[in-house]
Amino acid sequence: MNSIFLDAPINDDERRELLFRGQLLVYSPTPSSLKLVNFARKMAQDALQPYEPETAQYHLPVERYAAILAELKPKFIHHPISKECIQGIFRELGVDSHKTYFDVPRMRTSTSDDYLKTGIAYAFHPHRDTWYSAPMCQINWWMPIYPIVPENAMAFHLRYWSQPVRNGSAGYNYAEWNRTSRQNAAQFVKEDTRKQPKPEEPMELDPQIRVIAPPGGILLFSGAQMHSSVPNNSGRTRFSIDFRTVNIDDVSARRGAPNVDSACTGTTMGDYLRGTDLAHVPEEYYALYETQPAFAKPEEFETATSA
Ligand SMILES: [Fe+2]
């Protein structure tokens, strides 16, 4: 059973527990999430002027558009204000910054009408982040920068929380990906030939859930949750921000969502920075995460998911 919790008055341990059982949590905009969204809008406006970010795609040749995004996105990711806002969001939502490590916030775009959906604006097929070497304790944070509608949101395929899908994650290694594919996203304007873990059997993508939160509204979900970019036919480019977190108590106890079907190697553990001082997760833990845990047996899964 999956539920969506809105502004749940619970502490962070309870929150992670719910997420590890496949629940979705949504929070109203906070002062720092609004600050982050406004900062992102300003950066996007400056980069795409004289056009409005949501409709600039209709005025620019796609190569030029991809080049602008290729400059804008890293600037946003590495700006100190982006990190400060995340620290602010932690304070406002009762997340312990001493125990919580985050990776840099990314700005994402989903253009309308198949204008650009490769490389720098990759349209994600259904996937779990845990197919991409994320630990089972990873939590994803996602917020829209402009108002969204179902036609340019993201989708959750909740039945796959407990249902395995044959997939290509066994061929994915995070360190290898970083060496070969990450740096050159902007060159894939027409076609994306980078090898990514994908479903290898037909999936039933409906029914699906699209959560429509206001700008700065925060959607939290487990990295093991099956999700995808929806085909955007809204007439507007969707701009969103996401980042991921792990809690060091979960990391050391190897706590997290059950592993249904992720078989990748390598780990993103070296990417997360502590909320207080941006220190990395201690290296002693990395080896534990070089492979994903064994697949959960159905009976274990029942225990892990029943409330
Ligand atoms: Fe994802």
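P207 counts as exposed, at 73% relative accessibility. Here buried means under 20% relative accessible area, exposed over 50%, and partly exposed in between (1.4 Å probe, protein chains only). The model is predicted: local features need pLDDT of at least 70, side-chain atom pairs count only at pLDDT 80 or more, and totals for chains, interfaces and linings use all residues. Residues are numbered from 1 along each chain as its sequence is written, and side-chain values use heavy atoms, with hydrogens and water left out.

P207 sits in the loop between helix 5 (174-180) and strand 7 (218-222). Helices (H or I, at least four residues) and strands (E, at least two) are DSSP runs, numbered from the N terminus. The peptide bond that joins D206 and P207 is cis, with omega about 0°. P207 and L158 are 49 residues apart along the chain, and their C-alpha atoms are separated by 8.5 Å. A cis peptide bond also joins Q49 and P50. For this bond omega is about 10°. P50 belongs to the loop between helix 2 and helix 3.

The metal site holds an iron ion. Its coordinating atoms come from H127 (NE2), D129 (OD) and H227 (NE2), at 2.2 to 2.3 Å. Donors are N, O and S atoms within 2.8 Å of the metal (3.2 Å for Na, K and Ca); water is not among the atoms, so sites may look incomplete. Along the sequence, the donor residues follow the spacing H-x1-D-x97-H. Distant parts of the chain are linked by the pair H127 and H227, which are 100 residues apart. H127 lies in the loop between strand 4 (106-110) and strand 5 (139-144). H227 lies in strand 8 (residues 227-229). H127 counts as buried because its relative accessibility is 5%. H227 is likewise buried, at 7% relative accessibility.

D113 is partly exposed, with a relative accessible area of 46%. S133 is found in the loop between strand 4 and strand 5 as well. S133 is not a glycine, yet its phi is positive, about 70°. With a relative accessible area of 2%, S133 is buried.

Helix packing involves helix 2 (residues 31-48) and helix 4 (residues 80-92). Their axes come within 7 Å and cross at roughly 160°. Helix 2 is therefore roughly antiparallel to helix 4. Axes are lines fitted to C-alpha atoms, for helices over the stretch in contact, and angles run from 0 to 180 degrees between N-to-C directions. Angles under 35 degrees count as roughly parallel, over 145 as roughly antiparallel, 65 to 115 as roughly perpendicular and the rest as oblique. The crossing of helix 2 past helix 4 is left-handed. A crossing is left-handed if the near helix is turned anticlockwise from the far one by less than a right angle, and right-handed if clockwise. Helix 2 contributes P31, S32, S33, K35, L36 and F39 to the contact, and helix 4 contributes I81, S82, E84, C85, G88, I89 and E92. Contact means heavy atoms within 4.5 Å. The residues of this contact divide into six nonpolar, four polar and three charged. Ala, Val, Leu, Ile, Met, Phe, Trp, Tyr, Cys and Pro count as nonpolar, Asp, Glu, Lys and Arg as charged, and the others, Gly among them, as polar.

Helix 2 also packs against helix 3, at an angle of about 145° and with the axes 10 Å apart. This crossing is right-handed. From helix 2, L36, F39, A40, M43, A44, A47 and L48 meet Y65, I68, L72, K75 and F76 of helix 3. By class, the contact has 11 nonpolar, no polar and one charged residues.

E63 is in helix 3 (residues 62-78). At 45% relative accessibility, E63 is partly exposed. E63 and L116 lie 53 residues apart in sequence and 9.2 Å apart in space, C-alpha to C-alpha. Q87 is part of helix 4. Q87 counts as buried, at 17% relative accessibility. Apart from neighbours within four places in sequence, Q87 is in contact with G275, T276 and L278.
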